[in-house]
Amino acid sequence: MYHFLSTLDRRWIFLLMGAAVTIPILLELQFPEEATSLAHAVFNEIEQLEEGDPVLLAFDYDPASEGELGPMATAFVRHCCEKKLKIYFIALWPVGPQMIDDSINRVIKTDFPDMVYGEDYVNLGFKPGNEGVIKVIVTDLKQLYSTDDRGTDLDQIPMCRDLVNIQSMDLVAEVSAGYPGVKEWVQYAATPYPDQIRLVAGCTGVGAPLLYPYMPEQLKGLLGAIKGAAEYEKLVVDRYDREAGREPDLKYLEGKRRMGPQLVAHILMVVLIVVGNIVFFVGRSREGTNS
Amino acid sequence: MKRTVPMLITGISGFVLLISFFIPYTEGWGEKAAIWFDILAAVAFILGGGNLLKIHFKKISKRAAGWGFSAVTVIAFVATLTIGLGKVGSNPAQQQQMYGSALAQLELSDLPESQTFSVEGQIPTHANKTAVPFIVRDQLTQDGQNITFRGWIQPLQVAALSGFQDELEWLATVEALARAAQPPETLRGKIGYDAGNSRLTFQGRMSQDDQADLKALDSSNATWTAAVESLFQQSRRTSTVDFSSLPAGFKIPGPLKDSLVVDKSKKQLSMTGPMSPGQRAALSNQFRPTPPLPKGPRREAFITAIGKHGPPLNKSQLATLNNLLDGGWNAQQLIIAVSTAGEPQEVRKSARELLDEKTAAEQTGQVADLKPTRTIGETTRLNEAQEDLLRAFAENTAQPVAELTKQLGEAGTLSDPQVSALTRFISQISTTGERNRTLCFALLANGPLSSGQRDFLLDDVRTEFLWHRTAGALFVAAHQPRFPWSGEYREQGSPFWWLYEYTFKPLTASMFAMLAFYVASAAFRAFRAKNLEAILLLGTAFIILLGRTFAGATLTSWLPDSIAGLKIENLTVTIMTVFNTAGNRAIMIGIALGIAATSLKVLLGVDRSYLGSQED
């Protein structure tokens, strides 16, 4: 057994990991979620806004991290639509506009067909320049954005006509997979204008530990990876579906669905670490005996 | 020089950004520097692309190891760039189009002098000190005590000007300008000018009289005459499409009487001039609204007809069908809708009216109580004869709306809002095809239908679909695109979209997903408790891995509340918020100090490593 484990071909581990992810997906394994204080903080920041308040949704991720961040982006958009907020989409990643389109198609066009483009939501699209873009739009948005993503003059879009800068947003919600992302929004938007800009964010699992130092002053709430998304979507679904006595659409429970494979994969990781260490200690003791 | 200029740019930009952060007065300087940074960042994209090509071409030409991968990279890069930049397969942007209009290039200065309009007033200063809206900037000028507008004002421009300032005086001036800056009476609603894009536009087909009237505006200006001639030619261009069959009882709708020709022998529709969205709707809507099917012999006959084409409907299907048909419209709803619209209407007062009221109140020394709306019209009720006509329409929906409106007007009083309500109500009724399609899918959800039954229920909607497609094809063929290159490069169905959806997206997602496999392998082989630090790291990893899932919560759920802090999910929170935050803050402060020191060295020119080596 020791020999087998100590010379175990890595392809067996790959196979185990493949099974650990695939089987829960096929069996639709799901587990209950309890929202932590961080998810509550994000939820409350949006919940306390009034109908018609402007919010900026910044989607800075790509298809590589869509599996982790897509569900929370969906939940953010749905929550804002339920609250009837004015939504401004923006992206600092080149493929961000595609992520915005996905969310608009998945949520707004499907479940909120009465929302009118230009009056209830607008997609400002992508601009290159990373944190340089943030630095400009916090004081003068139209210096960089003269048109929306479709090329329409902002002066012709009712909800953009009087928009001067993003300090007039009642909330900025950022979904980010790296650079530029939450950290840049904290440094160039929330920190210089603490009284004007309130920031909540969602990020990948590896990015979350680096953002804890900014809470709760510069960052009002944080959703970490698919776990954070599952907690947040539970709060949204409980408030807008369960309280109304209806079953939620499955796309609004995507985070919870993806937690199933994650749980089994995490347990496999723990088992692998334990087994790996047993092999290590047995090997060391045998080496000691032999010498 | 080669090194001094970049160093100066770096130093000056850096100090400007630093100063602007601390001194509010200089905030604008920092903004300008940041804008230049953004422009350079955009240029960096181009340089990056060039560099990528250079490196990979070099590798390919040297046949270096892995040159094949470089070739794939270059091909993918060039293909994506060409398709994306060329917007291959993308349609022109809809919101940039002027449907139903012919277009001709014309500079603002070539518009007839007679089409410059003035009203008394002053362009105000916006609260944010911004200039007048972009879409009127070229045409609007202050000329002494008058505001002058060159060309004909469009509704969007009126809206932009009204939104510029909300003072009553200004709004009244905008109203006066909107009334004044209009084309001659005979050309109103037809001719227009888009100053932003230097385009003269003409809605619909231009008649000989229209052409003569337009040329007469400035017959001495050859450019103007040529633009009018160009519009005349384009507005009489003929577009033709084939059709498979005409809807039963097809008649050319009123809005298309002068421009549409039907050739039944060749099965072709020919349109002269561009088609407006209204004309397209009139052409598409050739199918009568479906009459109600109340409980009774007609509904029974309908159910029997479905039964004739296959097995009888089951109980659940029958219940669904009855529910859906009960939820349809009926004559009483139509009567109520038209009657309700007969109430007096609240309309917004014009700014001029409000301003006059305000001035009058001030002259008498009173405080103006400005009510923004006024009531117009009187209560109009439908009489018995009119209600009978509406009931008769519910029995025979083939009757044209115009004819019904005429009959209602002859039978009694019918106000304009009531006509609108009638038209709106009828336009929202499903056609027989649409109703049967809804029924078909609802019945399929509750049991089987034979292919004969499906065809019976879907045949009408198939015919309607084919006709709508024909009308759409004619609309597109007759349209003169404005900015053909204005479409979105990532439009659904375009080649770029296909590349993104079926190549880029799965490849990048797969790359990220592969991490899970490598991390698992690494966890087994490398994550060993070799020393105290490794044991601490291992313990933390265990807690975090389990604490982020339901398993962790379940494992320690038995712990009493007095030691709830030891539950795994709570331990996870403690580790993240205390140990992780403290450690990260320490690192961040160290990095910040390091950045400050390094930045100073760069800004003062002590560290020049970013400029490259001297040999370059």
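1. The lining of the largest cavity comprises three nonpolar residues, five polar residues and one charged residue. This cavity belongs to a predicted model, and its volume is about 50 Å³. The residues that line the largest cavity are Ser101(B), Ala102(B), Gln234(B), Arg237(B), Ser239(B), Gly273(B), Pro274(B), Ala478(B) and Gln480(B). In total, the structure holds two cavities of 30 Å³ or more.

2. The second largest cavity has a volume of about 40 Å³. Its lining is made up of Pro71(A), Thr74(A), Ala75(A), Arg78(A), Glu233(A), Val236(A), Val237(A), Lys251(A) and Tyr252(A). Helix 4 and helix 9 of chain A are the elements that give two or more residues to this lining. Helix 4 of chain A gives the most, with four residues. By class, five residues of the lining of the second largest cavity are nonpolar, one is polar and three are charged.

3. Chain A contains ten helices and six strands. Its C-alpha trace spans about 80 × 45 × 35 Å along the principal axes. Of the 291 residues of chain A, 58% count as buried. Where contacts in chain A join residues at least 6 apart in sequence, 75% of them link residues at least 24 apart.

4. In soluble globular proteins, nonpolar side chains tend to be buried together. The largest nonpolar core in this model has 45 residues, of which Phe59(A), Phe76(A), Ile87(A), Phe89(A) and Tyr232(A) touch the most other members. At least two residues of this core come from each of the following elements of chain A: helix 3 (37-47), strand 1 (54-60), helix 4 (63-82), strand 2 (86-91), helix 5 (96-111), strand 4 (171-176) and helix 9 (225-242). Helix 4 of chain A supplies the largest share, eight residues. Apart from this core lies another, of 43 residues, which includes Val136(A), Ile137(A), Ala201(A) and Ala34(B).

5. Which residues is Ile87(A) in contact with, leaving aside its neighbours within four places in sequence? They are Val55(A), Leu57(A), Val77(A), Cys80(A), Cys81(A), Met115(A), Asp120(A), Tyr121(A), Val122(A) and Met159(A). Ile87(A) is also one of the residues that touch the most other members of the largest nonpolar core.

6. In chain B, helix 14 (residues 401-411) has the buried residues Leu404(B), Thr405(B) and Leu408(B). These residues lie on the same side of helix 14 of chain B because they cover an arc of only 100° around the axis. The face turned away from the buried side of this helix carries the exposed residues Ala402(B), Lys406(B) and Glu410(B). Helix 13 (384-395) and helix 15 (416-427) of chain B are included in what covers the buried residues of helix 14 of chain B.

7. Ser259(B) lies in the loop between strand 7 (238-242) and strand 8 (260-263) of chain B. Is Ser259(B) buried or exposed? Ser259(B) has a relative accessible area of 6% and is therefore buried, the cut-off being under 20%. Not counting residues up to four places away in sequence, Ser259(B) touches Ser270(B), Met271(B), Thr272(B) and Gln279(B). Ser259(B) and Gly204(B) are 55 residues apart in sequence, and their C-alpha atoms are 8.9 Å apart in space.

8. Most residues other than glycine have a negative phi, and most peptide bonds are trans. In chain A, the peptide bond from Tyr179(A) to Pro180(A) is cis, with omega near -10°. Pro180(A) lies in the loop between strand 4 and helix 7 (182-190) of chain A. The peptide bond from Met215(A) to Pro216(A) is likewise cis, with omega near 0°. Pro216(A) is located in the loop between helix 8 (208-211) and strand 6 (221-224) of chain A.

9. Glu28(A), although not a glycine, has a positive phi of about 55°. Glu28(A) lies in the loop between helix 2 (10-27) and helix 3 of chain A and is exposed, with a relative accessible area of 61%. Arg63(B), also not a glycine, has a positive phi of about 50°. The loop that holds Arg63(B) runs between helix 2 (27-61) and helix 3 (67-86) of chain B. Arg63(B) is exposed, with a relative accessible area of 55%.

Key:
Residues numbered from 1 in each chain as written. Chains lettered and ligands numbered in written order. Predicted model: local features only at pLDDT ≥ 70, side-chain atom pairs only at ≥ 80, totals over all residues. Heavy atoms only, no water. Core = buried A, V, L, I, M, F, W, Y, C linked by side-chain atoms within 4.5 Å. Buried < 20%, exposed > 50% of the residue type's maximum accessible area, 1.4 Å probe, protein only. Contact = heavy atoms within 4.5 Å. Arc of directions from axis to C-beta. 1 Å grid on protein atoms, 1.4 Å probe; cavity = no way out; pocket = protein on both sides within 12 Å on 5 of 7 lines; lining within 4 Å. Points joined across faces, edges and corners; volume = space filled by probe spheres on them. Nonpolar A, V, L, I, M, F, W, Y, C, P; charged D, E, K, R; others polar.
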